Amino acid sequence: MHLYLHIPFCRQACHYCDFHFSTNTSNKRAIVEAIAQEILLRKNYLPHAPIETIYFGGGTPSLLDAAELNLLLNTIHKHFQVEPDAEITLEANPDDLNADKLHQLNNAGINRLSIGIQSFHEPHLKFLNRVHSATEAEQSVKTAQEIGITNISIDLIYAIPAPDHSILVSDMQQAFALDIAHISAYCLTIEPQTAFGSWLKKKKIKPIDEEFAAQQFEILVKSLAAHGYEQYEISNFARNGFYSMHNSSYWKQRPYLGVGPSAHSYNGTSREYNVSNNARYLEAIQKQIIPATYELLSIADQTNEYLLTGLRTKWGVNKAKLQTLSDGAFVKTHEKELQKLKEKNWIREDIESLFLTESGKLFADRIASDLFIEES
Ligand code: SF4
């Protein structure tokens with residue numbers, strides 16, 4: 001099984017971010033204790049299978065001090081069997097990653113870091129309202145490597161407004177020079193509940209230029225491939241098989257338990273969504289109540305989620321699994337639609353599975369939704 005822990009605190013709000021977090025860290029210890037308590041309350045959510053991956057996401061999990069991180073890890077080890085080679089990832093911001101902190105994380109058992117670099121270009125970092133500098137971004141990776149953490153992923157953002165593609169190219173060159181195992185590259189999107197969203201509404205900034213974004217994506221994909229990175233999911237690139245085992249489990253629809261404010265859980269037939277509010281989360285857990293909303297997934301939900309996530313990966317969607325999930329509805333209704341997508345060269349298939357082609361990857365969500373089945 002797979003375990004996600006949401007650490008809902010950040011030093012400051014990035015202008016594009018709509019994840020759940022608070023910049024008020026006064027109740028950080030209490031929330032961490034509540035998450036440990038939730039682990040206990042939830043220990044029977046999934047059948048007793050050993051934990052294969054643990055993922056500290058957020059928010060900014062690198063804000064956890066040693067005692068907080070150890071409390072969570074000790075609680076997990078006490079109540080679950082953890083595979084000896086489990087992947088244990090922690091999302092970190094470069095400004096937190098000095099040598100002492102990295103030793104602390106390494107000693108606690110963190111064996112994979114996902115570092116939120118986003119860009120190595122100072123004005124872009126300022127535009128996004130990131131806390132860290134370009135120098136800190138580079139140094140955090142080098143220090144982690146010096147102390148022996150080799151399984152490192154960095155996040156980069158593309159389609160940040162710029163006169164041309166030279167900043168992106170230079171960002172990529174800096175990433176390649178750091179010799180990193182894994183790169184996640186996300187298109188800048190403007191979400192309504194963010195600073196960018198409100199500025200867009202007031203016309204203080206322009207919408208993301210879709211053509212510019214598509215050109216940047218193409219540059220990314222080509223230069224990552226030329227440097228030995230395999231695009232195993234549309235936004236995720238790995239060298240030498242250093243896939244994110246945790247994220248791959250989501251894309252392959254494996255069950256997982258998510259704890260902490262706003263975390264989701266999935267058991268194969270239903271989802272649960274924890275409340276996205278730190279105070280309400282704390283209050284409920286202190287009363288031994290899990291503040292989650294329950295959603296039973298219909299046949300259409302399960303099939304469509306599989307299409308949406310599976311098509312984005314190099315493994316594609318398995319046709320037999322699609323048939324089983326959709327109770328036979330998929331092939332009956334989608335032969336014509338599939339044919340059209342194949343004629344456009346957006347989808348290809350082999351005997352077992354359907355995959356997006358290179359040009360199809362530009363329209364992944366649209367293609368998946370063209371193939372969605374209807375609620376019966
Ligand atoms: S992008 Fe990361 S660091 Fe920035 S506000 Fe969102 S969760 Fe926090």
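Which residues surround the ligand? In this predicted model, in which local features need pLDDT of at least 70, side-chain atom pairs count only at pLDDT 80 or more, and totals for chains, interfaces and linings use all residues, the answer can be read from the atoms. Residues are numbered from 1 along each chain as its sequence is written, and side-chain values use heavy atoms, with hydrogens and water left out.

The ligand is surrounded by Cys-10, Gln-12, Cys-14, Tyr-16, Cys-17, Phe-21, Gly-59, Thr-60, Asn-93 and Arg-130, where a residue is near a molecule if one of its heavy atoms lies within 4 Å of it. This shell consists of five nonpolar, four polar and one charged residues. In this grouping Ala, Val, Leu, Ile, Met, Phe, Trp, Tyr, Cys and Pro are nonpolar, Asp, Glu, Lys and Arg are charged, and the others, Gly among them, are polar.

The chain contains 14 helices and 15 strands; these are DSSP runs numbered from the N terminus, helices being H or I with at least four residues and strands E with at least two. For 376 residues a compact globule would have a radius of gyration near 21 Å, and the value for the chain, 21 Å, agrees. The radius is taken over C-alpha atoms, and the globule rule is 2.2 Å times the number of residues to the power 0.38. Buried residues account for 52% of the 376 residues, buried meaning under 20% relative accessible area, exposed over 50%, and partly exposed in between (1.4 Å probe, protein chains only). Of the contacts between residues at least 6 apart in sequence, 71% join residues at least 24 apart, contact meaning heavy atoms within 4.5 Å.

In helix α14 (residues 364–371), the residues Ala-364, Ile-367, Ala-368 and Leu-371 are buried. Viewed down the axis of α14, the buried residues fall within an arc of 100°, so they line one face of the helix; the arc is that of the directions from the helix axis to the C-beta atoms.

Leu-371 is also one of the residues touched by Phe-330, which lies in helix α13 (residues 329–343). Phe-330 is buried, with a relative accessible area of 3%. Beyond four places in sequence, its contacts include Leu-307, Leu-338 and Ile-373. Phe-330 and Ile-373 are 43 residues apart in sequence and 6.7 Å apart in space, C-alpha to C-alpha.

Ser-114, in strand β4 (residues 112–118), is buried with a relative accessible area of 6%. Among its contacts outside four places in sequence are Tyr-55, Glu-91 and Asp-155.
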